[in-house]
Amino acid sequence: MRRVRPVEVQWRLFSLEEVNKGENTVDWENGRSAPVLRVCALVRKKHGQEALDRLYDALAQARFVREETLNEPAVVEAALEAAGLDRGLREEALADDATRKEVQKEHAKIVDQHQAFGVPHIVLDGGKGPGMFGPVINPVPEGEEAGELWDRFVWLMRQPGFFEVKRSRPRRH
């Protein structure tokens, strides 16, 4: 996307597991997404947004292209390596309770400020602009088609009276 539009991404941490926990608690060491978010928090702290961007891309490849499970330690460690980072960051993140606190703090902030409830949740203008869930797309467009989708999505987000659009997904056979 950034190749066709001037988009700056600043990743923030949001836990769908936290939103959906109900009366249960989140397993911050072995849960579905919480451990990966802790790794993301440590990567950003030690190596910055650009490194987190690379890790997020590697995790997305693992999850959505290879259909691997992100709560498997080896999958996360391989994604760290693919992002040019030390595989040991996974273990380090889970040994440092500050990573859990960072994820919880960021999650609470985006829920409080933007009423976030799902992923992806995009907030414009460096986190100060309007925020919205979506878009949920498959397949992901490339090139100018991706740029056109972004332009239209941003336009909708900036409409003060626009809140939601949704349609059913095609059935898989």
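The questions and answers below set values against their definitions.

Modeller: First, the ground rules. This is a predicted model, where local features need pLDDT of at least 70, side-chain atom pairs count only at pLDDT 80 or more, and totals for chains, interfaces and linings use all residues. Residues are numbered from 1 along each chain as its sequence is written, and side-chain values use heavy atoms, with hydrogens and water left out.

Colleague: What makes up the secondary structure of the protein chain?

Modeller: Seven helices and two strands. Helices (H or I, at least four residues) and strands (E, at least two) are DSSP runs, numbered from the N terminus. The order from that end is α-α-α-α-α-α-β-β-α.

Colleague: How do you know that the radius of gyration agrees with a compact globule?

Modeller: The radius is taken over C-alpha atoms, and the globule rule is 2.2 Å times the number of residues to the power 0.38. For 173 residues a compact globule would come near 16 Å, and the protein chain has 17 Å, so the two agree. The C-alpha trace spans about 45 × 40 × 35 Å along its principal axes.

Colleague: Why is Ala58 called buried?

Modeller: Buried means under 20% relative accessible area, exposed over 50%, and partly exposed in between (1.4 Å probe, protein chains only). Ala58 has 11% relative accessibility, so Ala58 counts as buried. Ala58 is in helix H3, residues 49–65. Contact means heavy atoms within 4.5 Å. Leaving out residues up to four places away in sequence, Ala58 touches Arg66, Ala79, Ala82 and Ala83.

Colleague: Why does Arg90 count as buried?

Modeller: Arg90 has a relative accessible area of 16%, so the label is buried. Arg90 is in helix H5, residues 89–95. Beyond its neighbours within four places in sequence, the contacts of Arg90 include Val39, Pro73 and Leu80.

Colleague: What makes Lys46 and Glu92 a salt bridge?

Modeller: A salt bridge is a side-chain nitrogen of Lys or Arg within 4 Å of a carboxyl oxygen of Asp or Glu. The closest N and O atoms of Lys46 and Glu92 are 2.9 Å apart, and the pair forms a salt bridge. Lys46 lies in helix H2 (residues 34–47) and Glu92 in helix H5, so the pair ties together parts that are 46 residues apart in sequence. Lys46 is partly exposed at 44%, and Glu92 is partly exposed at 34%.

Colleague: How far apart are Arg54 and Glu50 along helix H3?

Modeller: Arg54 and Glu50 are four residues apart in helix H3, so about one helical turn separates them. Their side chains meet in a salt bridge at 2.4 Å, N to O. Glu50 counts as exposed because its relative accessibility is 52%. Arg54 is partly exposed, at 30%.

Colleague: How do you know that Arg87 and Glu77 form a salt bridge?

Modeller: Their closest N and O atoms are 3.9 Å apart. Arg87 lies in the loop between helix H4 (73–82) and H5, and Glu77 lies in helix H4, so the pair ties together parts that are ten residues apart in sequence. Glu77, Glu81, Arg87 and Arg90 are linked in a network of salt bridges.

Colleague: What joins the side chains of Arg100 and Asp97?

Modeller: A polar contact of 2.7 Å. A polar contact is a pair of N or O atoms within 3.5 Å; within protein, one must be able to donate a hydrogen and the other to accept it, and residues adjacent in sequence count only if both atoms are side-chain atoms. The Arg100 side chain also makes a polar contact with that of Gln104, at 2.6 Å.
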